[in-house]
Amino acid sequence: MNQIRPFLWKYFGAPLYAFIPHIAYPVRTNLLKLFGMKCGQRVRTRKGVTIDKPWNVTADDLVVFGDNAVIRAGEPIHIGKRCVISQYALLITVVGDTLTAGKTMRRAPIKIEDDVWVATDAVVMPGSHISSGVVVGARGMVDGQLPSWTICTGEPAEPRTSRVLYEQN
């Protein structure tokens, strides 16, 4: 089954995914579940999202994948509740290692905790851990761990300020 699943996804699942109407979120979610993606309630994947190995992706409740987000899941990716992966964001778990000029591969899972927003055109590298409540700014690059409830920007992304939702009296 491990050898036939990539074949079936590449030649049947992914092309079918591309033909599903834009507003038919439940149909797309059910197709991803059929190919092994673990989805919570009300997961939304836009039509232009590219997922190469849905069986390595877990998305909890109320996760949204924006237009043209790219999910390269050679290793497991876990996304917590109430998260947004914005348009053109890139989550990659396998890349060429810069220390060896790409001759070896860097492989590691990605963990994104609850209430995270990965903004437009951001890149999340292998082995990254984004803690609860983090906002990764547009075009940021995450490589490593980001602290909880912060706004992080830059390449590599660094905490710039804390994220406060409500003031307590």
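A polar contact is a pair of N or O atoms within 3.5 Å; within protein, one atom must be able to donate a hydrogen and the other to accept it. In this predicted model, such a contact of 3.3 Å links the side chains of Thr45 and Tyr17. Thr45 lies in strand S2, which spans residues 44–45. Its relative accessibility is 0%, so Thr45 counts as buried. Leaving aside residues up to four places away in sequence, Thr45 touches Tyr17, Tyr25, Arg28, Leu32 and Phe65.

Met37 sits in a loop. This loop runs between helix H2 (25–34) and strand S1 (38–39). Met37 has a relative accessible area of 3% and is therefore buried, the cut-off being under 20%. With residues up to four places away in sequence again set aside, Met37 touches Leu32, Ile51, Pro54, Trp55, Val57, Ala59 and Phe65. Met37 and Asn56 are 19 residues apart in sequence. Their C-alpha atoms are 6.6 Å apart in space.

The cysteines were examined next. The structure holds zero disulfides. Cys39 is in none, and its nearest cysteine sulfur, that of Cys83, is 13 Å away. Cys39 is buried because its relative accessibility is 16%, under the 20% limit. Cys152 is likewise in no disulfide. For Cys152, the nearest cysteine sulfur is that of Cys83, 14 Å away. Cys152 has a relative accessible area of 0% and is therefore buried.

Conventions. Residues numbered from 1 in each chain as written. Predicted model: local features only at pLDDT ≥ 70, side-chain atom pairs only at ≥ 80, totals over all residues. Heavy atoms only, no water. Helix = DSSP H or I, 4+ residues; strand = E, 2+ residues; numbered from the N terminus. Buried < 20%, exposed > 50% of the residue type's maximum accessible area, 1.4 Å probe, protein only. Contact = heavy atoms within 4.5 Å. Disulfide = S-S within 2.5 Å.
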